[in-house]
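Hi,

Here is the structure I promised to pass on. Have a look at it first, and then read my notes below.

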Amino acid sequence: MGNQIKSVGIVGAGQMGGGIAHVCAMAGYDVHIHDVSADGLQSMLATISGNLARQVASGKTTESDREAALARIALAPQIEGLAAMDLVIEAATEDETVKRKIYQQICPILNPEAILATNTSSLSITRLASTTDRPERFIGIHFMNPVPVMKLVELVRGIATEDQTFQSARSFIETLDKTITVAEDFPAFIVNRILLPMINEAIYTLYEGVGSVEAIDTAMKLGANHPMGPLQLADFIGLDTCLSIMQVLHDGLSDSKYRPCPLLVKYVEAGWLGRKSGRGFYDYR
Ligand code: CAA
């Protein structure tokens, strides 16, 4: 089936929502993005503009394509601004209550045929879908961070997702020049089921004094050829997101091997959330 999607709404102007807006606009979609914070919307636009300028500087795109992409992005301070979109991707914080509230607001104003997707990195697609008016047109489209750079998108059906929704989502992702991995609806899907326990173990390694932050990251960068050390990556993802994914794994799979490291819990309680808050395992201030 061809791609019926022409316009994309995004809820959440954080690093994931901004990255999704960037790649959708570059692929020619009309993008409307909503966030409760007007400042968040403005700073997201500045980030996209800067990232596109870097792509121009490195010869990946041209200045006229950059300007055309930026012109396709509309900011929607009110969620009603997303009403006419063919596909809405919710990229809000990894909190089920927040996501449910967004679905309650958006479902009544969306076209009945519109597809609603979530960029959740761990939560049950089936359970989230059941809180909407369209479980058959609800799907998980999970991008990786930084979205403009990472080639993978996980595609996750809920129990009620119709085949037509799946095929439309698949065609849409292909137009973004991403590679799709289909994952079943299990806690944290594939990437985070494997990646987050590794990061959690790196935090235990620090907690138990096996090595310093620098030693652990250098060990994994040079000893396992990872582009970033696991603690640097944790800061990049956000320690609150890391913790919530570990909690989903721990609760959903009922296995003590997924127990979040107490040091991760403590950092989140301190508000040390990584790069976005200025402090995590590293100091960004
Ligand atoms: N947005 C857009 N582009 C970015 C970017 C960003 N936030 N960060 C880096 N880039 C671009 C740069 O502009 C550069 O582009 P050019 O080649 O055109 O110049 C390119 O990426 C490489 O960047 P750098 O040279 O500055 O730095 P680097 O070589 O160290 O690469 C990195 C940076 C791509 C982030 C790399 O360190 C990396 O791959 N890290 C691991 C990322 C990862 O594992 N992501 C998955 C996280 S898990 C996840 O997302 C799932 C989840 O739900 C939690």
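A word on the annotations before I use them: UniProt positions are given in the numbering used here, feature names are shortened, and annotations may be inferred rather than shown by experiment. Residues are counted from 1 along each chain as its sequence is written. What you have is a predicted model, so local features need pLDDT of at least 70 and side-chain atom pairs count only at pLDDT 80 or more, while totals for chains, interfaces and linings use all residues.

On confidence (pLDDT is the predictor's confidence in each residue, from 0 to 100), the protein has a mean pLDDT of 97, with 99% of its residues at 70 or more. The model's scores are ipTM 0.93 and pTM 0.95.

From an unreviewed UniProt entry comes "domain: 3-hydroxyacyl-CoA dehydrogenase NAD binding", covering residues 8-185. That stretch is 40% helix and 21% strand, and its end C-alpha atoms are 24 Å apart. Helices here are DSSP runs of H or I with at least four residues, strands are runs of E with at least two, and both are numbered from the N terminus. UniProt also places "domain: 3-hydroxyacyl-CoA dehydrogenase C-terminal" (unreviewed entry again) at residues 189-284. This span is 61% helix and 0% strand, with 31 Å between its end C-alpha atoms.

A residue counts as near it if its C-beta atom, placed from the backbone, lies within 6 Å. There are 20 residues around the ligand, and Ser58, Ser121, Asn145, Pro146 and Pro227 come nearest. Helix 2 (38-57), helix 7 (191-207) and helix 9 (230-237) are the elements that give two or more residues to this shell. By type, the shell has eleven nonpolar residues (Ala, Val, Leu, Ile, Met, Phe, Trp, Tyr, Cys and Pro count as such), two charged ones (Asp, Glu, Lys and Arg) and seven polar ones (the others, Gly among them).

Two of those names come up again in the backbone: a cis peptide bond joins Asn145 and Pro146, with omega about 0°. Pro146 sits in the loop between strand 6 (138-143) and strand 7 (152-157). For background, most peptide bonds are trans, and most residues other than glycine have a negative phi.

Which residues have a positive phi without being glycine? Ala188 does, with phi near 70°, and so does Ser254, at about 45°. Ala188 is in the loop between strand 8 (179-183) and helix 7, and Ser254 in the loop between helix 10 (239-253) and helix 11 (262-269). Are they buried or exposed? Buried takes 20 or more other C-beta atoms within 10 Å of a residue's own, exposed 12 or fewer, and partly exposed is in between, with C-beta atoms placed from the backbone. Ala188 has 25, so it is buried; Ser254 has 8, so it is exposed.

Last, helix 4 (residues 96-106). Its buried residues are Lys99, Ile102, Tyr103 and Ile106. They lie on the same side of helix 4 because they cover an arc of only 100° around the axis, the arc being that of the directions from the helix axis to the C-beta atoms. On the other side, Thr97 and Gln104 are exposed. Strand 1 (7-11), strand 4 (87-90), strand 5 (115-118) and helix 5 (125-130) are among what covers the buried residues, where contact means C-beta atoms, placed from the backbone, within 7 Å.

Cheers

Terms used:
Contact = placed C-beta atoms within 7 Å.
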